[in-house]
Amino acid sequence: MFPDSLNLSIRGPVNDFIQALVSGYGWVFKAISAVILKAVLFIEWILRGLPWWVVILIFMALAWQSSKRWTLTVAVGILLFFVGVLGLWDLTMQTLALMLMATIVSVVIGVPMGILVAKSRVMRNITLPVLDVMQTMPSFVYLIPALMLFGLGKVPAILATIIYAVPPLIRLTDLGIRQVDHEVVEAATAFGGSPNQILFGVELPLATPTIMAGLNQTIMMALSMVVVASMIGARGLGEQVLNGIQTLDVGKGLEAGIGIVILAIVLDRITQGFGKSQTEDPRNG
């Protein structure tokens with residue numbers, strides 16, 4: 001047995017720090033919570049307000065635009081129609097709103113952060129270990145501080161999802177920019193391109209396929225947090241799964257699980273299609 005005299009607990013200092021944040025900066029967290037809540041409710045209002053067939057047509061249009069394949073386009077329409085047949089349409093739209101909000105914030109944070117990491121070796125040496133911790137930490141751990149700082153509801157669920165889902169986007173943005181051919185960058189510099197012109201005109205366009213792969217991974221990880229986030233008040237398909245677990249209703253949980261899988265397949269194929277199209281365009285000149 002390890003001697004008790006050598007035990008060192010970080011529980012007390014961490015709890016004191018969180019409590020100091022809540023008591024000293026509670027108004028900041030309330031303001032952040034209000035902004036995020038209004039944004040996600042607006043997205044949810046749009047998705048739930050649109051007729052179901054309009055939403056299906058929008059997703060089919062995105063599938064066609066990303067792949068130019070009728071098989072995928074029709075499959076997307078059939079899968080989303082099946083979600084409605086299962087009686088999960090409204091819950092799916094709630095889940096989609098949460099996931100879209102988390103993805104938007106992840107992109108706003110992840111892409112600039114990835115650019116900064118790619119441009120600064122010092123920043124990269126600091127950031128990569130932090131990302132390692134974020135990706136290996138159990139997802140349940142993120143719910144505790146989010147719950148303490150923002151209370152129950154959609155906001156802590158979104159923030160916990162962002163923390164869990166943003167590392168792949170940062171990593172692959174960094175990787176994509178660093179993989180840009182140095183000769184291309186040197187040629188742009190020789191023609192008098194400024195750093196900003198090279199970044200937005202050369203590096204980011206060439207890194208777009210890799211960044212899209214990071215976005216795909218972020219979306220998939222955000223969806224994987226749906227059930228976990230339901231434990232702190234997030235509505236949607238995750239709540240349905242949780243209710244199925246609590247009541248031992250296998251059918252109810254299976255229906256919601258199928259809805260989550262269908263949503264994951266649809267979003268995965270669409271984002272993969274956009275990534276492939278970005279890869280093929282430069283090759284086609």
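How many of the 25 residues of α7 are buried?

Reply: Happy to take you through α7. This is a predicted model, in which local features need pLDDT of at least 70, side-chain atom pairs count only at pLDDT 80 or more, and totals for chains, interfaces and linings use all residues. Residues are numbered from 1 along each chain as its sequence is written, and side-chain values use heavy atoms, leaving out hydrogens and water.

In α7, 20 of the 25 residues are buried, so the helix is mostly covered; buried means under 20% relative accessible area, exposed over 50%, and partly exposed in between, using a 1.4 Å probe and protein chains only. Helices here are DSSP runs of H or I with at least four residues, numbered from the N terminus.

α7 covers residues 154–178 and reaches 36 Å from its first C-alpha to its last. That is close to the 36 Å expected at 1.5 Å a residue, where the expected span is 1.5 Å times one less than the number of residues.

Along the way, α7 has a kink of about 35° at A165, shortly before the proline P167. The bend at a residue is the angle between axes fitted to the seven residues ending there and the seven starting there.

For contrast in cover, look at W52 in helix α2: W52 counts as partly exposed because its relative accessibility is 45%. F81 also counts as partly exposed, at 45% relative accessibility.

Key: Helix = DSSP H or I, 4+ residues; strand = E, 2+ residues; numbered from the N terminus.
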